[in-house]
Each structure stands twice: as C-alpha cells, then as structure tokens.
Amino acid sequence: MAKRDFYETLGVAKNASEDEIKKSYRKLAMKYHPDRNPDSKESEEKFKEVKEAYEMLTNPEKREAYDRYGHAGVDPNMGGGGGFGGGAGGFGDAFGDIFGDIFGGGRGRSQGPQVYRGADLRYNLEITLEQAAHGFDTTIRVPSWDKCDTCHGSGAKPGTSPVTCSTCAGHGQVRMQQGFFSIQQTCPKCHGTGKIIPEPCAACAGQGRIKRNKTLEVKIPVGIDNGMRIRSSGNGEPGTNGGPSGDLYVEIHIKPHSVFQREGDDLHCEMPISFAKAALGGDIEVPTLSGKVSFTIPEGTQSGKTFRLKGKGIKGVRSGFAGDLFCHVAVETPVKLTEKQKDMLRDFEKLTTEGGSKHSPQSKTWRDKVKDFFE
Ligand SMILES: [Zn+2]
Ligand SMILES: [Zn+2]
C-alpha cells in the first residue's frame, strides 16, 4: 500500500510553519483519537497516520530528509529487514507533547514537572508459516535504558548537582498571557523538568540514563497471523520525570511459503497430478504442515477440482479450532514423450473417439454451446 504524503495527511502546505502543523495535527488527532472512536479500526489507523506525519514534520532533521528523499528518507522499514519503527502505534508521547500542554492545568494536575509516558516501540519480527502454525519461543534484542553509573541518574557531572530552574521556579510550567487567556505552558528553559543541569555528566550527556540492549523472550502463540501484534508491557521507551514506560509491540510478518497460501486459518495448495492418475483415480500424497497425508481421488477427477482436508489447516489463535486444507488439483499434460509413448497415446485417442462423447462430457457440452452460438 502506498504511503500518503505527510503534508497531505495533515492537510498543510509544503512550506507550513511548525505552528500550522501543530494546529492541524491537534484538530485531526482529536477527531481520530481512539478514546473518542472506540473500536474503530479506521480511526485508529488514521490517528496513527496523522501522528506519524506530525512526528516526522516537527522534527527538523526528519522533515528535511523527508522533503529531500520522500518516505525512503525517514522510514526505518524501507531498505532493511527487521528492526524498529520508533514510536509507531503509540499514543503516549504525542499527547505528552501537545495535549499535556493544553490540558495539563485544566485536568487538575498538580503543579510541577510534567510527567510523560514513554513512547511505544514496534519490533518487526519475520517468521515462517511453520513457526506461525506451531508457535515457538524466541528471543529478540531490544534497546533498554539503564541509569547512568557515573552520575547515578542525576545527569549532572560528578561533584556538581542540578539546580532549580529560575524561569519556572522548579514548577516545570510557566503562565503565558495570550490575548484574553492565560495559558499554562511547559517551561521552555527546563522542558518541564523543573531543574537545570549547569555541568552535564559526560558519560550520558546529561540524560541520566544510558542506552543499552537487552534480550527479551517472546512467546509466539500457535496460529498467529500476519500483522498481529504481541504486546510486551513496559518494554518501550522510559517515561520522563518518573512517568511510566511505553510498551513494546512485536509485529508479526509471515514469510511467503513455497507450497501453501494462508487464508485466515485455512491453507491452500496446488497439487499437480498425472493425466493417467486423474483418469484412473487412486491414492495421492499431500503435504500438510504436520507431515504428509494420503487420500484417494476418484476416477475421472478433472483439473481444477478442489479437495478439502478437514482440520489440516492452522489452529486459530483466537478460536482454537483448526482450519482446513484445500487441495487444488491440476492435471499435468505429459511432456518429452518417446515415440512409443506417443504411439500409445494415438491409439488411446482413436479408441476414446470411437467411444463417442461419453469419455469427454465437458468437450461435448462445450461443442453444444459453440453450435448454439453459431446457429
Ligand atoms: Zn551520567
Ligand atoms: Zn523551568
């Protein structure tokens, strides 16, 4: 699916200012917010789309890359396999950014540094159809943030300490007069933390935390389908000012299979059989995801005939019931025949033609239709 242009998504011009982008985003995000549209998949998708566009266009570096290279310039999923699409699918941090500012006071939140929930992370995990059918345990490497050992999390160079922000007197918020309104805003100097670090810790650049990787165990349940997401609670980015961490979403991508196509919990496969086998009937062996099974096809099986093997599909991740396997038979015309084989076929053709149309009812029906058509 082609991705929509970020400017178009937000309904702003290419040269829109950050204020215009914020304004438009606020309007759209409120319209599509999941709290206002419970159970609407469409709104949720719209919301995510709008949020992504907003995040990209309000980040000067990303906006520049996007203007220059389009989606390929900013999409972590383009030109690479698994990995992270930071923040996608999350609702937390965008609200920290904007709605926190608007509603922070109105909701009766106490004065003080703003508390933000960490962003959600998405991890794309590619698995095989067999793994999806049987379920398995795996481990993934995800980023994690540890408290900085050098400054013990304060962000200040050892021997120094953070000082109270003079602009907001440590509240993290300031009041601004805008027309008739007095608006409470995040303090621009300390960004809501209420503290200023005069000499940042060199080890963590004043962040108070250091990014590392950790290994997470993920249980892939039996029957999981393409696009489904497994939530790992609290394993997203850490919150700000003691806010809760976001969640990690492991999104499943199933690789195409060489034999089976999946449709819901059913499987489909094409089975070539010989012309003689189709005519005479008999046992054929069919692959399933749990070994081979054999079944009998009747005499005179036609090409395109579908056989349904009940319960040989995939056990549904929600229903717990197994789907079916649909075997589509394709009669194969023999090739590279020897003279002897060709002679035998010529004899065979002569004999069946002498037997009249009873050997080929489809051809007879077809000839009748053609006759009707011309007369
Ligand atoms: Zn540090
Ligand atoms: Zn401040």
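This is a predicted model: local features need pLDDT of at least 70, side-chain atom pairs count only at pLDDT 80 or more; totals for chains, interfaces and linings use all residues.
Let me begin with the zinc ion (ligand 2), which is coordinated by the SG atoms of Cys165, Cys168, Cys187 and Cys190 at 2.2 to 2.3 Å, where donors are N, O and S atoms within 2.8 Å of the metal (3.2 Å for Na, K and Ca), and where sites may look incomplete since water is not among the atoms. Residues are numbered from 1 along each chain as its sequence is written, chains are lettered from A and ligands numbered from 1 in the order in which they are written, and side-chain values use heavy atoms, with hydrogens and water left out.

The four donor atoms around ligand 2 subtend angles of 101 to 119°, so the arrangement is tetrahedral, a word that for four donors requires all angles to lie between 85 and 135 degrees. Along the chain these donors follow the spacing C-x2-C-x18-C-x2-C. Cys165 is buried, with a relative accessible area of 1%, and Cys190 is buried too, at 4%; buried means under 20% relative accessible area, with a 1.4 Å probe and protein chains only.

Now to the nonpolar cores, meaning sets of buried Ala, Val, Leu, Ile, Met, Phe, Trp, Tyr and Cys residues joined through side-chain atoms within 4.5 Å. The largest has 36 residues, and those with the most contacts inside it are Ile140, Val250, Ile252 and Val286. A second, separate core of 17 residues includes Phe6, Val12, Leu28 and Phe47.

Finally, where does Asn235 lie? Its place is in the loop between strand S9 (229-232) and strand S10 (248-254), strands being DSSP runs (E) of at least two residues, numbered from the N terminus. Asn235 is buried, with a relative accessible area of 13%. Leaving aside neighbours within four places in sequence, the residues in contact with Asn235, that is, with heavy atoms within 4.5 Å, include Leu121, Lys214 and Asp247.

Note on methods
Helices (H or I, at least four residues) and strands (E, at least two) are DSSP runs, numbered from the N terminus. Buried means under 20% relative accessible area, exposed over 50%, partly exposed in between (1.4 Å probe, protein chains only). Four donors count as tetrahedral if all angles lie between 85 and 135 degrees; four count as square planar and six as octahedral if opposite donors are over 155 degrees apart and all others between 65 and 115; anything else is irregular.
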